[in-house]
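The sequence and the structure are shown first, followed by notes grouped by topic.

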Amino acid sequence: MDAELRFSYRQSSVGFSPERLEFDGNVTVLRQLDIEQDVLCICYTETYEFLAAGLTDGTVKLYKTNSKGENFQLRDIEITQKPSPVTSIKHRPVHRSHPITRTIIATYVNGCVKCWHYPSSQCLYTIREKRQTLGLAYHNHLPKFVTVGNDAKIFLYDEETKKLERAFQASESLEVMDGHKSRVFCACFNPKSAHELISGGWDDTIQFWDTRQPHALRRISGVHICGDALDISKNGREILSCAWQRDNSIQLWDYGSGKHLVTVEPDSYSSLLYCGKYVTNMFLACGGSDTNLFRVVDLRSHATLAMVRNLTGGTYSFDIGPVNPKYAKKTRTVFVVPQLAFCAGRQIFEIDAQPG
């Protein structure tokens, strides 16, 4: 990991007291995994059978979620010969119209984008970008995905042809800011649009894109993004931003106008956030460093539903798991929080956090 990339992870060890791990709210730790090196990203597989973890040496490790059966790793000759940190892991969104592919896509600092068929541990294809590739986002309905990186560009790929469809970037105009000026860490497609997406990064902007246009259409300023920290509500009307900044770290925005709606205050413990997204319509989750924590927030009251603090490192990534079977038959499932997994330093936690 080069010096520039380390900057975005520089707070990972601040405030670390492993013997003083603290829990606020109704939190149950379902499982804790100790890993031999730092975990930078995690992702459940399509059927929640495995939890995939991307490590600093380029290995993707898969852990059986029911703790029965062997764990295994994804690593080919290219990564073995030239190790490079894994920056993101994603799978195609699950829909009734989509077959279960049992594949995941991982991005790497060296510019590789690798599609893995994890049951066979085979790399199906590799795309090699001439940059540091820092993140990936799937289209909600179409077999397409975008990658983001340190060159301020966004690349749109067709998953079926494995071809680059279009590159999005700022124009050469000095009069408008119609794209990013620095490295981009995340992107997110609008679930209610076939063509719209947003992105965020180090230039303190959230940029709005249409896949039919080469440059951004508009922007929101004042949001410093350092990880997978943007999300759009299921109705496509609101944006959640979780920023690596002291003030206004969690904010909600109107998608249509870009107007600021509300800032979610950090309760007693603030954090420089690396990741955040909606868990359900009622809850969001986020994690960060400085105060190393993972937090679940009730969107109705903006109060913390659950928090894990004093982690061994900053929380760089988390994913949403299945609903615990003991809650599945509840009639008011809208208030049930799925299981959550997050990584912090060299540890992975799976937790259950429910309203009291």
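**Positive phi in loops**

Y48 counts as partly exposed, at 33% relative accessibility. The model is predicted. The notes below begin with Y48 and two further residues, then turn to the sheets.

- Y48 sits in the loop between β3 (39-44) and β4 (50-55). Phi of Y48 is positive, near 65°, in a residue other than glycine.
- S121 is found in the loop between β9 (112-117) and β10 (122-128). This serine is not a glycine either, yet S121 has a positive phi of about 60°.
- With a relative accessible area of 31%, S121 is partly exposed; the class lies between the cut-offs of 20% for buried and 50% for exposed.
- Most residues other than glycine have a negative phi.

**The β13-β14 hairpin**

- β13 and β14 form a hairpin, with four residues between the two strands. K162, in the turn, has a positive phi of about 60°.
- Strand β13 (residues 154-158) runs antiparallel to strand β14 (residues 163-168), and five bridges join them.
- I154 has F168 in β14 as its bridge partner.

**The four-strand sheet**

- Four strands make up an open sheet in the order β15-β16-β17-β18, and the pairing is antiparallel.
- β15 (184-189) and β18 (218-221) each have a single partner strand, so one side of each is left without a neighbour in the sheet. These two strands stand at the edges.
- On average, neighbouring strands of this sheet are turned by 20° against each other, direction ignored.
- Strand β17 (residues 205-210) is joined to β18 by four bridges, and the two run antiparallel. T205 stands opposite S221 in β18.

**The five-strand sheet**

- Another open sheet has five strands in the order β1-β26-β25-β24-β23, with antiparallel pairing.
- β1 (22-25) and β23 (272-278) are the edge strands, and each pairs on one side only.
- From one strand to the next, the twist averages 10°.
- Four bridges join β1 to strand β26 (residues 304-309), and these strands run antiparallel. In β26, V308 is the bridge partner of F23.

How values were computed: Residues numbered from 1 in each chain as written. Predicted model: local features only at pLDDT ≥ 70, side-chain atom pairs only at ≥ 80, totals over all residues. Heavy atoms only, no water. Pairing = 2+ DSSP bridges. Axes fitted to C-alpha atoms, helices over the stretch in contact; angles between N-to-C directions. Buried < 20%, exposed > 50% of the residue type's maximum accessible area, 1.4 Å probe, protein only.
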